Every structure is written in C-alpha cells, then in structure tokens.
Amino acid sequence: MSGETPRELYLIDGNSLVYRAFFALPESISTSKGFPTSAIFGFASMLVKLISDYGAKPTLVVWDAGMSGREEVYEEYKAGRRERPDLLAEQWPHLHPLVESFGYRNVKVSGYEADDVIATLAREAREQGIDVTVVTGDRDLFQLVEDGVRVMATGRGITDTKIYDRDAVIDRYGIPPELIPDFVGLKGDTSDNIPGVPGIGDKTASQLLQEWGDLEGVLSNIDSISGAKRKQNLTEHAEAARISKRLATSNREIEVDIDLDGIAAREPDRSALRATFREFELRAPLERLEEALGEDDAAPAERVEELVEVE
C-alpha cells in the first residue's frame with residue numbers, strides 16, 4: 001500500500017450484506033442437490049461486482065461478534081435478528097471460506113458489532129492517511145462519512161449500489177453525516193428495533209434537525225414545534241429518542257489489533273473461487289468473475305486462511 005498511488009482500504013459489512021442478499025433473493029435458490037444458496041449466491045455476486053467495478057483492493061470483511069452492549073441499553077435491540085433463519089444458518093459456515101477465496105481477510109472483535117469495528121478501523125485508517133470505502137446496507141453508517149471516508153450503500157436487489165460522500169448524504173437526508181445518530185434518534189429504525197419517536201419519519205426528523213440543530217436542540221424546543229400530537233409524542237418519548245440516538249451512534253474506540261499498512265491488495269485465489277463457485281453452482285457470478293479477471297491462469301495469490309479475531 002505504498003508508492004505514488006493513493007492508499008485505499010475497503011471495509012465490508014459482512015452481516016449487513018449477507019442478510020440483504022438473503023432477504024432480497026428467493027429462498028428457492030439452491031443447488032441441484034437441494035442445498036440452499038440464496039445468501040451465498042447474493043453475497044458472492046456482491047463481491048464479484050466490487051472486483052469487476054473497482055478491481056482488487058485491500059479489503060477486510062467485518063462480522064458481528066456481539067451487540068457492543070446495546071442490548072443492555074435497550075433490551076429489545078435487534079430482537080428480531082437474534083435467531084438466524086434456518087435457511088441462512090445452513091449457509092453461514094460457508095461464508096468465511098468464500099471471503100478467504102476472494103483474497104480478503106475476515107475480522108471480528110468479541111462482544112462487538114461489525115458497525116463499531118468498521119468505525120474504529122475507518123478512524124485508524126484515516127489517521128494513517130488511508131482512504132476508506134465502507135460497503136454496507138446499513139444507513140446508520142453514513143455517520144462515518146467524512147473527508148477520505150465514503151460509504152458504498154447497497155440499494156434494491158443485490159448489486160445496485162451508490163457511493164455517498166458528504167454532499168450525497170446531505171442531498172439524500174437534508175442533514176450532514178454527523179447528525180445521522182440524531183436522525184435515527186427521532187425516527188427510529190425498524191430493522192434494528194430502535195424505537196425513536198412515534199409519528200416521526202424521515203422527512204419530519206430531517207426538518208426538525210435542520211431547524212433546531214441536533215436532537216437535544218429539538219427536545220429543548222418542543223413548545224415551539226407545531227402540531228399538538230407531535231409535541232405530545234416528543235415530550236412523552238424524549239428519553240426513548242435519547243436512547244435511540246445512543247443505540248445508533250458508532251463506537252470508534254474499540255481495541256482492534258490490525259496492521260492496516262500490512263493489508264495488501266490480493267488477486268483472488270482463482271482455483272479456490274472456481275471450486276467454491278462450482279460447488280454451489282454459482283454459474284452467473286463465475287462467468288462475471290472470469291470476465292472481470294480475464295483468462296490469465298497465472299498462479300493465484302496465497303490464500304488467506306486466518307480469521308482476525310480480537311478478544
């Protein structure tokens with residue numbers, strides 16, 4: 001990662017992308033022997049798209065290994081995600097080896113969500129002058145966007161993506177990235193079971209923050225806010241809004257022992273990838289991968305078989 005070319009690091013939110021793939025695709029996708037592959041197919045397709053669009057980059061795939069204590073702040077946090085659907089659970093053991101075949105490293109920190117590990121790694125990378133692209137379906141991570149940090153957000157389907165810098169976040173939400181936790185504090189987040197304030201959606205949350213600056217500004221000026229019901233909800237659910245903001249705020253100070261300068265861009269292990277793609281009958285992703293990589297069958301890069309796991 002040295003030399004004249006800009007130093008880059010891609011941080012992939014593994015759980016977010018896998019869940020998005022699993023729920024975006026039909027459960028009926030399976031091998032000829034009946035093994036379910038919807039999540040594997042979708043996740044592989046996303047990784048292939050990154051290579052075909054941007055080439056091989058220094059990349060870490062980060063996974064959840066706890067809830068960062070958020071379940072102690074709010075017992076119902078992510079209540080719907082604590083038990084993995086059976087069809088996804090069957091596929092889960094094959095995801096880390098798939099990542100390794102791409103030449104990427106798996107990372108998880110015991111007790112912490114991927115969001116917080118990504119936030120910490122992004123901060124550390126910027127301190128070392130490394131540009132960061134976060135790949136996720138989680139809009140809460142827009143809060144990380146700053147100079148040198150952008151978010152590639154997945155959209156509809158599994159390969160539709162859009163890159164967000166600061167201006168793009170403001171264009172979409174009407175507020176800067178640093179106010180995303182305040183935004184979630186007001187509107188909540190049903191996917192993570194974050195309550196927010198009843199009756200306040202994206203548009204109203206954005207308008208309130210534009211007018212009053214941040215969540216505490218909104219809660220300090222309830223008497224000046226229009227609408228009797230809105231005033232009542234903000235008054236009665238003020239503490240829920242504060243808790244929701246806390247749940248949505250990324251922790252950027254986790255202990256993660258990774259040498260970011262030592263993460264090189266690796267060509268995928270073509271033989272391992274072909275074997276994996278053929279095992280799960282991922283014909284279309286394999287064709288796109290072969291097209292992106294070309295026909296060169298030179299010896300693949302050494303396969304990365306470690307999982308960076310911090311206790």
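User: Is phenylalanine 35 buried, partly exposed or exposed, and what is its relative accessible area?

Analyst: This is a predicted model, and in it phenylalanine 35 is partly exposed, with a relative accessible area of 24%. A residue counts as buried under 20% and as exposed over 50%, so the value of 24% for phenylalanine 35 falls in between. Phenylalanine 280, by contrast, has a relative accessible area of 5% and is therefore buried.

User: How many aromatic pairs does the structure have, and how should I read one of them?

Analyst: A pair of aromatic rings is described by two values, the distance of the centres and the angle of the planes. A search of the whole structure finds 12 aromatic pairs. One of them is formed by phenylalanine 35 and phenylalanine 280, whose rings lie 5.9 Å apart from centre to centre, with 40° between the planes, so that the pair is described as tilted. This pair links distant parts of the chain, since phenylalanine 35 lies in the loop between H1 and helix H2 (38-54), while phenylalanine 280 lies in the loop between helix H13 (270-279) and helix H14 (283-293), 245 residues apart.

User: Which residues form an aromatic cluster, and what sits over the ring of tryptophan 92?

Analyst: One aromatic cluster is formed by Tyr19, Phe22, Phe23, Phe43, Trp63 and Trp92. Over the ring of tryptophan 92 sits the charged end of arginine 84, 3.7 Å from the ring centre.

User: How much space lies in the largest pocket, and which residues are closest to its centre?

Analyst: Rolling a probe the size of a water molecule over the atoms shows where empty space is left. In this structure the largest pocket holds about 980 Å³ of space. Its lining is made of 40 residues, and those closest to the centre are Ser16, Tyr19, Lys78, Arg81 and Asp192. Helix H1 (14-24) and helix H8 (180-187) each supply at least two residues of this lining, and H1 gives the most, with 6 residues. When the lining of the largest pocket is sorted by class, there are 19 charged, 11 nonpolar and 10 polar residues.

User: How many cavities of 30 Å³ or more does the structure hold, and what lines the largest cavity?

Analyst: The structure holds 3 cavities of 30 Å³ or more, and about 70 Å³ of space lies in the largest cavity. The residues that line the largest cavity include Leu17, Met46, Lys49, Leu50 and Val135. H2 and strand S5 (149-154) each supply at least two residues of this lining, with the largest share, 3 residues, coming from H2. By class, the lining of the largest cavity has 6 nonpolar, 3 polar and 1 charged residues.

User: What is the volume of the second largest cavity, and how do its lining residues divide by class?

Analyst: The second largest cavity has a volume of about 60 Å³, and its lining divides into 5 charged, 3 nonpolar and 2 polar residues. Among the residues that line the second largest cavity are Arg70, Asp115, Asp138, Asp140 and Asp192. Asp192 is also among the residues closest to the centre of the largest pocket.

User: What radius of gyration does the protein have, and how does it compare with that of a compact globule?

Analyst: The protein has a radius of gyration of 21 Å, which agrees with the value near 19 Å that a compact globule of 311 residues would have. Taken along the principal axes, the C-alpha atoms fill a box of roughly 70 × 50 × 35 Å, and the protein has 14 helices and 7 strands.

Methods
Residues are numbered from 1 along each chain as its sequence is written. This is a predicted model: local features need pLDDT of at least 70, side-chain atom pairs count only at pLDDT 80 or more; totals for chains, interfaces and linings use all residues. Side-chain values use heavy atoms; hydrogens and water are left out. On a 1 Å grid over the protein atoms alone, a cavity is a set of points where a 1.4 Å probe fits but cannot get out, and a pocket is an open set with protein on both sides within 12 Å along at least five of seven lines; lining residues have an atom within 4 Å of a point. Grid points are joined across faces, edges and corners, and a volume is the space filled by probe spheres set on the points. Helices (H or I, at least four residues) and strands (E, at least two) are DSSP runs, numbered from the N terminus. Ala, Val, Leu, Ile, Met, Phe, Trp, Tyr, Cys and Pro count as nonpolar, Asp, Glu, Lys and Arg as charged, and the others, Gly among them, as polar. Rings of Phe, Tyr and Trp (its six-membered ring) pair if their centres lie within 6.5 Å; planes under 30 degrees apart count as stacked, over 60 as edge-to-face and the rest as tilted. Buried means under 20% relative accessible area, exposed over 50%, partly exposed in between (1.4 Å probe, protein chains only). A charge sits over a ring if NZ of Lys or CZ of Arg is within 6 Å of the ring centre and within 35 degrees of the ring normal. The radius of gyration is taken over C-alpha atoms; the globule rule is 2.2 Å times the number of residues to the power 0.38.
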